[in-house]
Amino acid sequence: MATLKITVNATARTVELDDPETPLLYVLRNDLGLTGTHFGCGLSQCGACTVLIDGRATRSCVTPTSSVQTRAVTTIEGLGSPERPDPIQAAFIAEQAAQCGYCTSGMVVAARALLQQNRRPNEAQVREALAGNLCRCGSHARVIRAVLRAAAGGR
Amino acid sequence: MTFSRRDFLKAGGVLVVGASLAPSLARAQTIPNADRFLGKPLEADRVDAFLAIHADGSVTLFSGKVDMGTGGRIAMRQIVAEELDVRPERITMIEGDTALTPDQGSTAGSYGIARGGSQLRQAAATGRQALLALGAARLGRGVEDLETADGVVRTKDGGASASYADLIGDKAFGVALDPKAPLRDPQRFRFIGKSLPRPDVPAKVTGRHKYLHDLTLPGMLHARVIRPPAHGATLKAVDESSIASVAGAKVVRIESFLAVVAEREWNAVRAARQLRAEWTGGTPLGDHATLFDSMRASTIVREQPITRRGDVSALDSPGPGVRTLSSTYRWPVHSHGSIGPSCGVADVSGDRATIWSSSQGTHRYRAAFARVLGLAPERVRVIYLDGAGSYGQNGAEDAACDAALLSKALGRPVRVQWSRQDEHGWDPKGPPQLLSLRAAVDERGEVAAWETRAWLPVSTANLPHLPFLAADAARIPQAQGRATGLIYQNIDPPYQYPNVDAVVRWIPDAPLRTSPIRAPGKIANSFAVESFVDEIAALAGADALAFRLKHLTNPRGVEVLRKVAARMGWQARPSPKPADPNAAIASGRGIAYVHYKHDETLVAMGMEVEVERASGRIRVTRVVCAHDCGLMINPDCVQAQVEGNVLQTLSRALHEEIVYDRERVTTVDWQAYPILTFPEVPPIEVELIQRLDAPPLGAGEAASAPVAAALSNAVFDATGVRLRTVPFRPERVRAALAGRPA
């Protein structure tokens with residue numbers, strides 16, 4: 001059993017793990033109750049588990065928890081809430097940019113990382129930034145519009 | 001679990017009707033305090049099965065149809081709001097819980113609104129009439145003097161009123177659905193036809209929405225099931241010591257059903273990877289490389305004529321000046337491809353079971369789970385929770401069965417999470433389809449005869465449910481057979497050609513387990529039919545649009561085609577487009593049309609593409625769709641369905657094919673089975689036709705049907721090369737451009 005200290009959504013947390021290499025995804029979901037980060041493939045192929053680590057979009061399904069002990073982890077829950085959505089989430093709501101919504105958290109987080117690096121991305125840059133996020137319901141067009149809307153200040 | 005649906009008030013009060021079920025069944029809470037409704041009427045001909053009005057005037061809506069992300073969660077509320085005359089935000093909705101909702105059949109076939117919603121509409125309309133009658137008694141006035149307004153019955157002169165809460169709060173309606181209960185005047189709709197926002201979106205985009213995958217129960221174990229390395233293999237031995245190093249991990253084995261469980265999920269994952277097991281034998285799969293040849297050579301279970309009219313002898317003995325044409329179209333095996341692998345949670349103790357599933361058919365599967373568990377159906381409760389998208393039947397029911405068997409064996413609640421490899425490898429697949437078409441074209445360019453022969457894997461008659469993987473592995477007897485959905489529809493041309501012979505040749509086998517996948521069969525059938533119409537038009541030197549309109553008699557069909565053409569700026573000319581054969585990029589346009597299932601939604605689809613000759617890469621640059629599904633309850637939800645249909649089907653047509661060797665599926669991740677990505681997504685323009693006075697026809701599937709044909713027609717227009725086998729991957733397109741068979 002290993003004791004790890006990690007910082008998630010600006011809060012210091014301590015977790016006890018049998019395996020310190022446990023992917024961050026499982027720790028977020030099962031130890032910290034942050035179920036907004038979703039399991040999609042465990043292979044870093046689909047983006048459903050995307051979180052921010054020191055501001056960079058990262059696949060939590062292949063990120064050992066031991067590797068993030070000195071870094072800042074931000075999950076979808078750390079961005080906003082239904083009552084107080086962050087600007088990207090507000091834009092997703094305005095565009096109704098989710099069907100089943102399972103892949104959505106990862107896209108919102110990836111969009112956050114993009115807008116932190118590039119405040120005014122064009123459409124091609126939005127598409128490129130989300131190229132590793134898969135969606136099966138076919139909400140892509142709305143997601144692109146939502147990210148551009150957020151980049152334009154919500155308009 | 002608590003659901004964040006702040007926009008919607010929690011239902012108040014207690015509806016006390018009949019006896020409550022045993023408390024052990026009462027764990028699940030799909031909405032706060034849902035179990036206070038246990039024991040309510042469930043018969044689908046009773047208003048109380050669908051609706052309850054509470055003492056605070058709020059309403060609970062019980063829907064047997066579920067919302068997999070399609071918008072039913074708002075649309076059903078809009079229907080009730082309109083017909084019962086209450087505001088939608090006063091309505092809470094419970095979906096797909098077998099103990100609380102009426103059995104309205106599976107949420108399938110694009111019938112969620114068309115059938116489920118219409119049933120609900122009649123229930124609400126009947127409820128409003130019951131409230132008017134109660135109001136008449138209370139106010140001492142005739143019903144003809146009364147009206148309803150936002151949860152109140154009042155006299156038309158405004159003199160007196162009684163609220164719904166006062167009239168019936170927490171009491172039963174006690175009336176049967178009246179098929180003649182008057183519906184609201186469409187010209188005065190307040191909620192139907194409006195694009196109200198979906199209540200689940202804010203929670204979904206903030207990570208607060210609770211999916212099935214997020215459900216935890218006290219004492220719950222995490223499980224991973226280990227499928228055999230070859231289909232049908234028998235488990236010979238398990239080396240339990242191989243997982244001794246994983247804390248708390250344990251093997252569960254029932255015959256050849258093998259799983260590991262652990263308190264912590266990651267330990268279950270590790271144990272599943274580490275476990276050594278010995279398997280033997282198996283049932284060899286067919287040869288993927290010769291799939292379509294073997295379909296054509298297969299024994300035929302029976303032939304089913306779909307359309308036969310006139311005389312098609314011109315096909316075999318064409319008269320002078322008559323040209324004949326024949327083509328074969330092939331559609332491969334597809335996975336449902338849900339982004340989250342399937343999950344199931346079950347709590348089986350003693351003679352009772354509660355199973356949580358993202359199944360589109362919780363009512364249907366209740367009896368199936370009961371049979372596998374050896375329980376009476378009334379002892380089993382199945383509760384729908386959202387999964388990661390569902391487009392027919394993915395692995396959800398199998399994962400639920402996995403969980404149920406494990407929970408029964410262990411006496412504790414169990415959560416089974418499939419891996420990505422499990423889902424791609426073992427979800428029931430969309431069946432392969434093979435269609436051969438022939439036409440005779442006379443000297444005027446008219447279709448003198450048309451023939452379709454479709455080789456399709458047959459559905460087993462009266463199959464109660466898709467056989468479960470776990471039950472077969474555990475040697476629990478169950479009915480065997482396959483399900484493919486109504487895959488025979490739309491194999492005939494939607495145009496009034498005088499001589500048509502369209503026949504399905506039902507074949508007994510398919511390479512893998514099959515299940516209905518979105519728009520079952522109709523995508524491949526329309527791909528073949530509408531591509532072949534294009535081939536004929538090209539042979540006749542006719543414009544593809546004019547060629548269709550000439551023999552299209554349905555005015556609603558004409559309208560959708562004309563709308564697409566107008567928006568595309570369609571130039572009348574034959575295909576292919578005259579082009580420089582040496583240009584690096586060829587561009588073109590295509591169009592296709594479907595009257596879905598022959599008498600439902602009408603869709604025209606236009607597409608513009610660029611084909612990069614050197615690489616064979618197709619880029620879709622524009623999609624234009626006109627869509628007439630009759631009455632739209634919520635146009636924005638319809639639009640989202642159209643967009644989803646277009647993109648999902650583009651993905652299937654451009655990229656997707658399940659490949660297998662003699663033992664198992666080999667395309668078990670997103671690299672081997674790629675789907676559409678953001679950079680490829682084309683602009684989609686949708687024209688929705690609203691028909692307030694018409695019945696709703698469904699929007700969940702129809703727009704997928706013409707996608708592949710519009711795409712292949714556009715590629716032909718651009719390059720003069722006809723693609724007849726899906727997927728249109730670059731290597732296949734390159735080969736076709738080089739004149740090799742495609």
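Buried area is taken here as the accessible area, for a 1.4 Å probe, that two parts lose on being put together, summed over both. In this predicted model, the area buried in that sense between domain 1 of chain A and domain 2 of chain A is about 1,200 Å², with carbon and sulfur atoms giving 56% of it. On the side of domain 1 of chain A, the residues that lose the most area to domain 2 of chain A are A:His38, A:Leu52 and A:Ile76, which together account for 39% of what that side buries.

The two parts correspond to a domain assignment of chain A in which domain 1 spans 2–78 and domain 2 spans 87–151. Their centres, taken over C-alpha atoms, are separated by 21 Å, and the contact draws 14 residues from domain 1 of chain A and 14 residues from domain 2 of chain A.

With regard to polar interactions, six residue pairs in polar contact, both residues being at pLDDT 80 or more, are found across the interface of domain 1 of chain A and domain 2 of chain A, whereas the number of salt bridges found across this interface is zero. At least two residues of the side of domain 1 of chain A that touches domain 2 of chain A are supplied by each of strand S3 (50–53) and strand S4 (56–59) of chain A, and the largest share of that side, three residues, comes from S3(A). Classified by residue type, the side of domain 1 of chain A that touches domain 2 of chain A comprises seven nonpolar, six polar and one charged residues.

Definitions and conventions. Residues are numbered from 1 along each chain as its sequence is written. Chains are lettered from A and ligands numbered from 1 in the order in which they are written. This is a predicted model: local features need pLDDT of at least 70, side-chain atom pairs count only at pLDDT 80 or more; totals for chains, interfaces and linings use all residues. Side-chain values use heavy atoms; hydrogens and water are left out. Domain bounds come from an automatic or database domain assignment. Contact means heavy atoms within 4.5 Å. A salt bridge is a side-chain nitrogen of Lys or Arg within 4 Å of a carboxyl oxygen of Asp or Glu. A polar contact is a pair of N or O atoms within 3.5 Å; within protein, one must be able to donate a hydrogen and the other to accept it, and residues adjacent in sequence count only if both atoms are side-chain atoms. Helices (H or I, at least four residues) and strands (E, at least two) are DSSP runs, numbered from the N terminus. Ala, Val, Leu, Ile, Met, Phe, Trp, Tyr, Cys and Pro count as nonpolar, Asp, Glu, Lys and Arg as charged, and the others, Gly among them, as polar.
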